[in-house]
Each structure stands twice: as C-alpha cells, then as structure tokens.
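Student: I have a model open and I'd like to learn how to read its features. Could you take me through them, one by one?

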Amino acid sequence: MSRSESGAMGREYFDDMYSDGLDPWGFDDSWYEQRKFDISTAILPRPRYRRALEPGCSGGTLTRRLAQRCEEVVAFDFIESLVAHAQSRLADVDGVEVRVAHFPSWWPEGTGDLVVWSEIAYYLDVHGARRAIDGLANWLEPGGHLLAVHYLGDTNYPRTGASIARWLDRQSWLERRAGYRDVDFEAVVWERTADG
C-alpha cells in the first residue's frame, strides 16, 4: 500500500473508496457510525468549545454535530469532491469552515481547544505520526482536549485502532480524561497539560 509524502496513506486508497459514492462508510445512516458519533461527542468534558479542528471530515456528518458544541469548527479533507459536498451540506451552519488540506501536514493559523481525530490516526505511518504529534503540540491550547476515536477490528492500515490510545497515552503532556471502549471502537479524550 503506497504512502504519500505527508506521512499518511496514499490518495489512491481513498479515491478507490469514494469511487462509488460520497459516503462509502455510511457516516450518514449506519447504526455503527451514528452510535459512535453519539458516544464520542457525549464523552467530551465541556458543553462548549471555542475552536475545534477536524481533519478527515469527509462529507461533514460529524462536523455538523461538532458545530452544535463549538463556536468555530475548522474541518478539512484532501479530496476536493468531498470538501465541496461538505461545504454544500454545511452552508447553513454558522461557524464552520471546510477546506481542502492534508493531514497531518496542515494545521490552521492560531490555536484551539478541541482536536478530533475520528478514524484518521491509524492511517499515519511513523513519519506522519511524528508530524501529527508535533502539530498537535503546537496547536492545542493548555487545557484543551483531543478526542481520538478508532475502529478496533482488522484493517490493512499502517496502525491498528487499538494502538492509537496507547500511543497517545505515552505523550507526557496529554492526560487521559474520559474514555469508552467496546468490541467495535474506542473513543478517548485527553487534556493538554499546562506544562506540556
């Protein structure tokens, strides 16, 4: 499986996944996805966030949910047709910016208090994982939260879903605050410590 220079899986994998439609994983209507989104947003410790970042936003299903809890959401994906679809679907939602960009190399200007990695961190190779951590350390404010959610079944990705939480637990400046795990997925929230 090819990798891109960004440190993540190559574009051809995603082009193939989206070749038959804009929602191959069923984000809009599968019970797994709806339940995962409900649980993931429910474990966020705060009722409101100032500025959130959601890489790999696909068609914007989770983005819409995050907008209900955030003053501003910056969401992005690197497939232009997905971004156009998400922009159209979210045009009526205040405070949402959807753009074309690559994770983990792109981070918006400024900082924020919420980062959401929903089924995206296991696409990173070793180089990409380091870039993601460096970007997170620069962008996430002290006291801000990282939510990472990953499928736990078998995949052919560079990392397993089960390895993501262990990897993030090893970052000394992230402190685990909440979590949920079942046979299908794991959702965990970490808080950025002041001395990180």
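Student: Are phenylalanine 103 and tryptophan 107 buried or exposed?

Tutor: Start with the general idea: a residue is called buried under 20% relative accessible area, exposed over 50%, and partly exposed in between, using a 1.4 Å probe and protein chains only. Here, both phenylalanine 103 and tryptophan 107 are buried. Keep in mind that this is a predicted model, where local features need pLDDT of at least 70 and side-chain atom pairs count only at pLDDT 80 or more, while totals for chains, interfaces and linings use all residues. Residues are numbered from 1 along each chain as its sequence is written, and side-chain values use heavy atoms, with hydrogens and water left out.

Student: How many aromatic pairs are there?

Tutor: Rings of Phe, Tyr and Trp (its six-membered ring) pair if their centres lie within 6.5 Å; planes under 30 degrees apart are stacked, over 60 edge-to-face, and the rest tilted. That rule gives 11 aromatic pairs. Take phenylalanine 103 and tryptophan 107: the ring centres are 6.4 Å apart and the planes sit at 55 degrees, so this pair is tilted. Tryptophan 107 also pairs with tryptophan 139, again with centres 6.4 Å apart but planes at 45 degrees, so that pair is tilted too.

Student: Where in the chain do tryptophan 107 and tryptophan 139 sit?

Tutor: Helices (H or I, at least four residues) and strands (E, at least two) are DSSP runs, numbered from the N terminus. Tryptophan 107 is in the loop between β3 (96–100) and β4 (112–118), and tryptophan 139 is in helix α5 (residues 126–139), so to speak 32 residues along, and the pair links distant parts of the chain. Both tryptophan 107 and tryptophan 139 are buried.

Student: Which residues form the aromatic cluster?

Tutor: Phe103, Trp107, Trp117, Trp139 and Trp167 make up one cluster. Arginine 159 lies over the face of tryptophan 167, at 4.9 Å from the ring centre.

Student: What about the backbone: which peptide bond is cis, and which residues have a positive phi?

Tutor: Most residues other than glycine have a negative phi, and most peptide bonds are trans. In this model a cis peptide bond joins phenylalanine 103 and proline 104, with omega about 10 degrees. Proline 104 is in the loop between β3 and β4. Serine 58, not a glycine, has a positive phi of about 50 degrees; look for it in the loop between β1 (49–55) and α3 (61–67). Serine 58 is buried, at 3% relative accessible area. Glutamate 119 isn't a glycine either, and its phi is positive at about 50 degrees. You'll find glutamate 119 in the loop between β4 and α5, buried with a relative accessible area of 15%.

Student: What does serine 118 touch?

Tutor: A contact means heavy atoms within 4.5 Å. Leaving out residues up to four places away in sequence, serine 118 touches Lys36, Phe37, Leu62 and Val149. Serine 118 lies in strand β4 and is buried, at 15%.

Student: And how many helices and strands does the protein chain have?

Tutor: Six helices and seven strands. Of its 196 residues, 55% count as buried.

Technical notes. A charge sits over a ring if NZ of Lys or CZ of Arg is within 6 Å of the ring centre and within 35 degrees of the ring normal.
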